[in-house]
Amino acid sequence: MAGKGENRSRVAGVVLGALCLTPALAGAACAVCEASIQHYTTAQGLSHNAVVAMAQDQDRFVWLATRDGLDRLDGAQVSRYETLAGQSLRADSMTSLAVGEAGELWIGLRTHVLRRGIDGHVLAVELRHAGSESRSSTLLRSDHGDAWVGTTDGLLHVVSGDPLRLVDIDAFRGEQVLGMQQAAAGWQVISRRDGCWLRSIGSDGAVSGPAPAPCWASWIDADGAWLGDLGIFWKPGDPLPASDPDRGAPSRVLRWQGGYLLAGLSGAFWQSPSGEVHSLWPGLRTGLGRSPSEESLDALIDADGALWLATYAGAHRFDLGAPAFSGLDGGSLDRSLERRAVSDVEFFAGRLWVGSFGHGLLGWDRSNDDIRSWRGEHASALWRKQCGDYVWDLLALPERTGPGRLLVNARCALDETLALQTLAGPELPEASRASLVSSDGRVWVASIDGLYEIIAGGVWRRQPGRFEALVEAPDGAIWLAPAIHADGPADPFLTVYAPQTEAVRQVALPVGTAVHDMVFHRGVLWAASSDGLLRIDAQSGEVISHRAPLADAGRVFYSLFDDGLGAIWIGTNRGLLRFDPRREPAEQFRLYDQRDGVGVQEFNRRSHARTAERTLLLGGMGGVVGFDPQRAAAAPDPPEPRVVAAHVWSAGGSERRLELARGSPVRLNADDVSVTLEFVAPGFRRAGHVRFRYRLQGVDGAWVDDVGARSARYPRLAPGDYSFELQSGFEDSTWRSASAPLLLTFLPAWHESAWFRLPAALVLGLLGWLLYRWRVQRLLEVERLRTRIAADLHDELGSELAAIGMSTAMLASRGGMPERERQRLVGVAASAQQVADAMRDIVWYVNPHKDRMRALGERLHALARRVLGDGVALEVADGFAELDAGLPMMARRELHLICREAFANIARHAGADTVSLRLERSGDRLTIIIEDNGRGFDATQPGDINGLANMRRRAEAIGAELEIDSSPGQGTRVILRWQQRRGAAVRVWGRR
């Protein structure tokens, strides 16, 4: 038995089912009495239960004028409007609604008329005229963009424009307009003043008439006939019928389903083409008078051909094109089942029998609405002992099996007189879990203690075991499912019993799978289980599991029923599923639940039956659901989606809502930080099952399929145009073609606009050019200064130092000079030479013509020759030109000084006879490698060895990396790496 059903509330709740099991009140055939009925009240979001007027626009929205606001329904949710154009729509202020040819909505108030355009813009005009302080609008009709308003004291023509303009029709001044209907060329109007009169208004505005008319005839049919009270016809020129002030004239008459719909304070009725009249409120009339919900204030035929009725108890929608799910009688029987877990349903002796777990057995006679109960406290001791209040199984035995009887739990029976009988045999089974009459007329019972056959004279056990369900195969074999316990099935296999040979075989089930019901559908065995729907090959035993790929679908399948139309109906723990194995896998399952008017949320195992009218009944937790499977097989197309509004938030925190007409773009300002697009799919068939997916071209890489989402939010994007695409579909169908894209434009800020960026770019370009010219000029001046300094040092100081050195050397070479004085002169000459060398280095540093890597290579080559002397072999290859790249003066100076220190260390300490010099350029890096084969040293020792700390400081000053690799007896390698600002191809100067 299934657990307690989940109770869920839906916005567009469907609270009334079909009338398919209830006979028409008039007793004749009623073509409209099996409609699916949707009921909208404040529980579904209406502003008030009293609905006074209705209209449907071109986008399929249904508008309801209530006593406390204006409501817009899209099928799944309600949007409420309490004020428009400064006019309150509350406190019973609205009287009528009409939709124009362009989709505009006209709203009649007691003192104003409003026109709401498709873009949401609202205009208002006040109903005032000379000689009267105010008027009360009673009727509103639209005509070619304008409107006609019938009031309590005249007829007004509302001319569209901004502002709206009122034109009085003088012929109706001071008269109460009772009815208006558009004719072939103009309008026909009935009004009251000293009697009732009929007038015609031509397309040119000319008024003809008046002619006498009955005051209680309040509507004009499209073919020109006047319809009065409940089927009385009158045409202009006929004698006036006798006036009856107590006769309730219908306030609305419409053609519907080939007949007439007459709705008024006396109720809502459908008059068939042959003249029979049927009430649309069966079961609501009582001896105390009519129910207030029967009083119909307005009526509407929507785009699907469904009828809407406005009442004091909400709006009702009668749809003959949608599947209709109902209870048994819409009254006392359904109420008696609300607290019962229905275990099985069966027809016998002209009654519908309903078994339940713990509440006994009910028998209902539809012809006289007689309900009888068989339950412990009301039944005999024999019933309590033999049958019990837990009714697991019902089976009506046909006459070909013997006397007609209704088996209850296969332990007792009721005959056609409803007398209780008991069964006899060598042993009685425990309560039957399932039973059937096989094709050869034999009666089989599956019980928790075996398979039994009921034959004349007794009950016989044919096969031991513990069984839950059974079904007959096309070859006559009986397939048995194992009994179910709290921990799962007792046996992990199906048992196949052949009555002809009594042979038994077994078919393995998936581990832990509990089978609740089975059916052979087109030669294939299908099983409802805890693991979904199982397809079992009767020959090979192969088991394939099918699960509904629907988010809201139940996962435990309790009952199966072959509808004879190619599909299987499944009762689950969360509604009904229709499975069609002929369809593509993604579309095989269709879900019906409370959103479709299914009053039972959770169904029970094998609780199903079919009426003589081919209505399918399924029982569950709290009732029985009836429906026509053929009618339910028709699937509507997904409704067309559209974006209805945009919520925009600005940087300052303000918010605004933009209502969008079809195809209108959304333009966002530079200070708007985000936008939320609201979308709907107006439609009233399977509205709760509609899903959406969307994408913003250039932002969303793929479709966004957000289950349940009805809006999409985007933050501030880069300025430009974006295309928003939207698709709708049912959860069990393919996607509908995308609607027309919505253009979304993010406007640039003033500093992002083209008119600003172009002049700004020109100004910045000019400033950059001026700065570049100034920078080049400054660099040229510095280079000229450096050139002049180098020339002055070389020409003036260099020549003076050279002269000093030469003079002192000559003096020191003269004979007769004391040795002490000669040594002094030699020292002076040496100092002059050192100063000259240092000056030549300075001149080389500041000379801008030497800011090249090639110049550094040449300088290092000459430096190595001078410092190392002739006793050391210097290995340097040509290749100066390959390093012809820029080198800043400071980097050139520090690199030169670091290398000079390295060469000096080799000359003083290394004792090397071979030294190599190598320069490499790779990408944006210059590498200098100096290597000797001298005695080396321990580079890991702390302290300043051979000026290494000074070398490292110089390297850090220019961002260079200094690496010294040496060990005693292994020579020394100095690697100096300096990163250039600009990359270049690999260049190598010097090879070993």
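## Overall make-up

How many helices and strands are there in the protein? The answer is eight helices and 70 strands. Please keep in mind as you read that this is a predicted model.

Of the 992 residues in the protein, 51% are buried. The protein exposes about 44900 Å², and carbon and sulfur atoms supply 51% of that area. Turning to contacts with a separation of 6 or more, 55% of them come from residues 24 or more positions apart.

Four strands, in the order 2-3-4-5, form an open sheet with antiparallel pairing. Strand 2 (51–56) and strand 5 (78–81) are at the edges with a single partner strand each, so one side of each has no neighbour in the sheet. On average, and with direction ignored, neighbouring strands of this sheet are turned by 20° against each other.

## Around A213

Next comes a residue in a loop. A213 sits between strand 19 (207–212) and strand 20 (219–220). Is A213 buried or exposed? Its relative accessible area is 4%, and because buried means under 20%, A213 counts as buried.

Which residues does A213 touch, not counting those up to four places away in sequence? They are I190, C196, W197, L198, W234 and L240.

## A nonpolar patch

Now for the surface. V763, L764, L766, L767, W769 and L770 make a nonpolar surface patch of about 630 Å². One of these residues, L770, lies in helix 4, which runs over residues 754–813. L770 is partly exposed, at 43% relative accessibility.

## Salt bridges

How many salt bridges does the structure hold? There are 42 salt bridges, and a few of them are worth a look one by one. R583 and E587 meet through their side chains in a salt bridge, at 2.9 Å from N to O. In this pair R583 is partly exposed, at 39% relative accessibility, whereas E587 is buried at 18%.

Another salt bridge joins R657 to E659, with 3.4 Å between the closest N and O atoms. R657 counts as partly exposed at 36% relative accessibility, and E659 is partly exposed too, at 23%. The side chains of R893 and E894 also meet in a salt bridge, with an N to O distance of 2.7 Å. Here E894 is buried, with 6% relative accessibility, while R893 is partly exposed at 29%. Elsewhere, salt bridges with shared partners join R60, D302, D304, R317, D319 and R685 into one network.

Terms used. Residues are numbered from 1 along each chain as its sequence is written. This is a predicted model: local features need pLDDT of at least 70, side-chain atom pairs count only at pLDDT 80 or more; totals for chains, interfaces and linings use all residues. Side-chain values use heavy atoms; hydrogens and water are left out. Two strands pair if DSSP finds at least two bridges between them. Helices (H or I, at least four residues) and strands (E, at least two) are DSSP runs, numbered from the N terminus. Axes are lines fitted to C-alpha atoms, for helices over the stretch in contact, and angles run from 0 to 180 degrees between N-to-C directions. Buried means under 20% relative accessible area, exposed over 50%, partly exposed in between (1.4 Å probe, protein chains only). Contact means heavy atoms within 4.5 Å. Patches are made of residues with over 30% relative accessible area and no salt bridge: like charges are joined within 9 Å, nonpolar side chains (Val, Leu, Ile, Met, Phe, Trp, Tyr) within 5 Å. Accessible areas come from the Shrake-Rupley method with a 1.4 Å probe; for residues, only the protein chains shown count as cover. A salt bridge is a side-chain nitrogen of Lys or Arg within 4 Å of a carboxyl oxygen of Asp or Glu.
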